[in-house]
Amino acid sequence: MGRRKKEPGSVHRKNIADAAQELFIQKGIENTSMNEIARKAGYSKATLYVYFKNKEEIISVLVLESMEKLYAHVVNALETAGNTRKRYERICQSLVAYQREYPFYFQLALCEINIDFTHTDFLPEEQETFRIGEKINDKICCFMQEGIAAGDFRADLPILPTIFSFWGMLSGLILTGENKRTYIEQELGLSRDAFLSYGFETLYRAITVREPAAPTN
């Protein structure tokens, strides 16, 4: 224990957060107690409270980690050269990859975050989470504006409402593909990937400039 005391506080916080994450995945957040987190991390309960005041503080650290990972996936998808369609497809596939690699983080990234920082009763992780979320929105906003300028996306799209709808529908599709896989395969006759491809294509068509109808004789 002497060696552990010499480690910086950030190491202890990470040990505790990692242990909490394992328990949250196994039992759910509501069903996990601080006592269980302390035992899992190998700390006494008293030591645990030195680094985290309550479970909400631990969750705030994990939510921040989830947003950092999501930001990295989005940036990686958008910074590769390509036309609007290719970049859209990369965003979709990066979100699918993110959900499959980090399903717990994917759920956390969809949670409501604090946006009221006019008072002093907030956690620093909450403010950083908000900042990263805004950076993600800015990246997608630039993508939308570039798509409009290229004549690919409809010019009448209100950017921010479209972005939020975009996130909601994409994340909903991905979760549906994951949670309803058996139904999709048996009743729709589609694999999960085929279902997602269909959904992504449908969403893309909703925001793109429609091709003029072919003239009829």
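**Helix packing and aromatic pairs in a predicted model**

Just after helix 3, glycine 42 takes a positive phi of about 80 degrees. This is a predicted model, in which local features need pLDDT of at least 70, side-chain atom pairs count only at pLDDT 80 or more, and totals for chains, interfaces and linings use all residues. Residues are numbered from 1 along each chain as its sequence is written, and side-chain values use heavy atoms, with hydrogens and water left out.

User: Which residues of helix 3 are buried?

Analyst: Helices are DSSP runs (H or I, at least four residues), numbered from the N terminus. Buried means under 20% relative accessible area, exposed over 50% and partly exposed in between, with a 1.4 Å probe and protein chains only. In helix 3, which covers residues 34–41, the buried residues are Met34, Glu36, Ile37, Ala38 and Ala41.

User: Is helix 5 roughly parallel or roughly antiparallel to helix 6?

Analyst: The axes of helix 5 (residues 55–78) and helix 6 (residues 84–101) come within 8 Å and cross at roughly 150 degrees. Axes are lines fitted to C-alpha atoms over the stretch in contact, and angles run from 0 to 180 degrees between N-to-C directions. Angles under 35 degrees count as roughly parallel, over 145 as roughly antiparallel, 65 to 115 as roughly perpendicular and the rest as oblique. Helix 5 is therefore, relative to helix 6, roughly antiparallel.

User: Which residues does threonine 80 contact, leaving aside its neighbours within four places in sequence?

Analyst: Threonine 80 is found in the loop between helix 5 and helix 6, and at 38% relative accessibility it counts as partly exposed. The C-alpha atoms of threonine 80 and arginine 90 are separated by 8.8 Å. With contact meaning heavy atoms within 4.5 Å, the residues in contact with threonine 80, those neighbours left aside, are Arg87 and Arg90.

User: How many residues apart in sequence are the parts tied together by the pair of tyrosine 88 and tyrosine 204?

Analyst: Rings of Phe, Tyr and Trp (its six-membered ring) pair if their centres lie within 6.5 Å; planes under 30 degrees apart count as stacked, over 60 as edge-to-face and the rest as tilted. By this rule the count comes to 10 aromatic pairs. The rings of tyrosine 88 and tyrosine 204 have centres 4.8 Å apart and planes at 45 degrees, so this pair is tilted. Because tyrosine 88 lies in helix 6 and tyrosine 204 in helix 11 (residues 192–207), the parts tied together are apart in sequence by 116 residues.

Notes
Helices (H or I, at least four residues) and strands (E, at least two) are DSSP runs, numbered from the N terminus.
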